[in-house]
Amino acid sequence: MNPWRLFVAFMLVSLGGYTVYINMKTTPQEIWYTYSLGVCVLLALQILLPKQQAIVSWLSALFVGTVLVHENLTDTPEVLWCLYTFGALALWPTLVMFRKSLASIKTALVISLAVCFYYIALHQYFGHETPWYGFIIFAMSWWPLSLIGKRMNSSLFFSVLGFGALSLFFLFVNIAYSPVVIWAVYPIFAAAWWPLAAYFYSYRRRYVR
């Protein structure tokens, strides 16, 4: 074990222990040291176990999730907002676990679809009126799209894919939130310059010397 890693981990745990002392000395009626101590211990584990990042990331996600559940049930138990954080929290250790295959289109599709379906299920469960899950789908779609563009080895092809995704996103937001005013054509027109610029760049490289 690297002595510097041991030293830094020891200092972090000591810092967490110091916050326990400060909490109990100044505000014993309100226990807040669990947050600072938990963060210090998790950082120490990341330093001590650099080859077990998957385990540490799962422990970190479980700790953060537990804190959020506690805060939710303590302060606002009438609204289970902590459920919205679980998808992102599970995504963190999942990406660490599959970090060696993150460049695989199959992995990107499976993980992206799992996250999208989770938030669509939440939307259906709570019965929201606005389809806010479209923002999640738009954000997660860029991962497999970028891998497809890389596999095709064509900046022009990727720009067309990106333009298509942006156009669908602007149309979705327009129709879902303000269908009375058709404003999506303006950002779509601006986004059209992306594939056009990519086309003229590739044309110049191929035919202009």
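Author: Happy to. One definition to begin with: angles under 35 degrees count as roughly parallel, over 145 as roughly antiparallel, 65 to 115 as roughly perpendicular and the rest as oblique. The angles run from 0 to 180 degrees between N-to-C directions, and axes are lines fitted to C-alpha atoms, for helices over the stretch in contact. Helices (H or I, at least four residues) and strands (E, at least two) are DSSP runs, numbered from the N terminus.

Reader: And where does the model come from?

Author: This is a predicted model, where local features need pLDDT of at least 70, side-chain atom pairs count only at pLDDT 80 or more, and totals for chains, interfaces and linings use all residues. Residues are numbered from 1 along each chain as its sequence is written, and side-chain values use heavy atoms, with hydrogens and water left out.

Reader: Thanks! How do helix 2 and helix 3 cross?

Author: Their axes cross at roughly 170° and come within 10 Å, with helix 3 covering residues 53–75. Helix 2 and helix 3 are therefore roughly antiparallel to each other. On the helix 2 side the contact (heavy atoms within 4.5 Å) includes Tyr-35, Val-39 and Leu-42, and on the helix 3 side Val-56, Leu-59 and Phe-63 are among the partners.

Reader: What classes of residue are in that contact of helix 2 with helix 3?

Author: Eight nonpolar, six polar and one charged. Here Ala, Val, Leu, Ile, Met, Phe, Trp, Tyr, Cys and Pro count as nonpolar, Asp, Glu, Lys and Arg as charged, and the others, Gly among them, as polar.

Reader: Is Val-39 buried or partly exposed?

Author: Val-39 has 44% relative accessibility, so it counts as partly exposed. For these labels, buried means under 20% relative accessible area, exposed over 50%, and partly exposed in between (1.4 Å probe, protein chains only).

Reader: Switching topic: which residues make the largest nonpolar core?

Author: There are 12 of them, including Leu-91, Val-115, Tyr-119, Trp-132 and Met-140. A nonpolar core is a set of buried Ala, Val, Leu, Ile, Met, Phe, Trp, Tyr and Cys residues joined through side-chain atoms within 4.5 Å. Helix 5 (105–126) and helix 6 (133–152) each supply at least two residues of this core, and the largest share, seven residues, comes from helix 5.

Reader: What does Val-115 touch?

Author: Beyond its neighbours within four places in sequence, Val-115 is in contact with Leu-91, Ile-136 and Met-140.

Reader: At what angle do helix 5 and helix 6 pack?

Author: About 175°, with their axes 9 Å apart. That makes helix 5 roughly antiparallel to helix 6. The residues of their contact divide into 16 nonpolar, three polar and one charged.

Reader: Nice. How many aromatic pairs does a search of the whole structure find?

Author: It finds 18. Rings of Phe, Tyr and Trp (its six-membered ring) pair if their centres lie within 6.5 Å; planes under 30 degrees apart count as stacked, over 60 as edge-to-face and the rest as tilted. Phe-138 and Trp-142 have ring centres 5.8 Å apart and planes at 85°, so they are edge-to-face. Both lie in helix 6, four residues apart, about one turn of the helix.

Reader: Which other ring pairs with Trp-142?

Author: Phe-158 does: the centres are 6.4 Å apart and the planes at 75°, so that pair is edge-to-face. It links distant parts of the chain, with Trp-142 in helix 6 and Phe-158 in helix 7 (residues 155–177), 16 residues apart.
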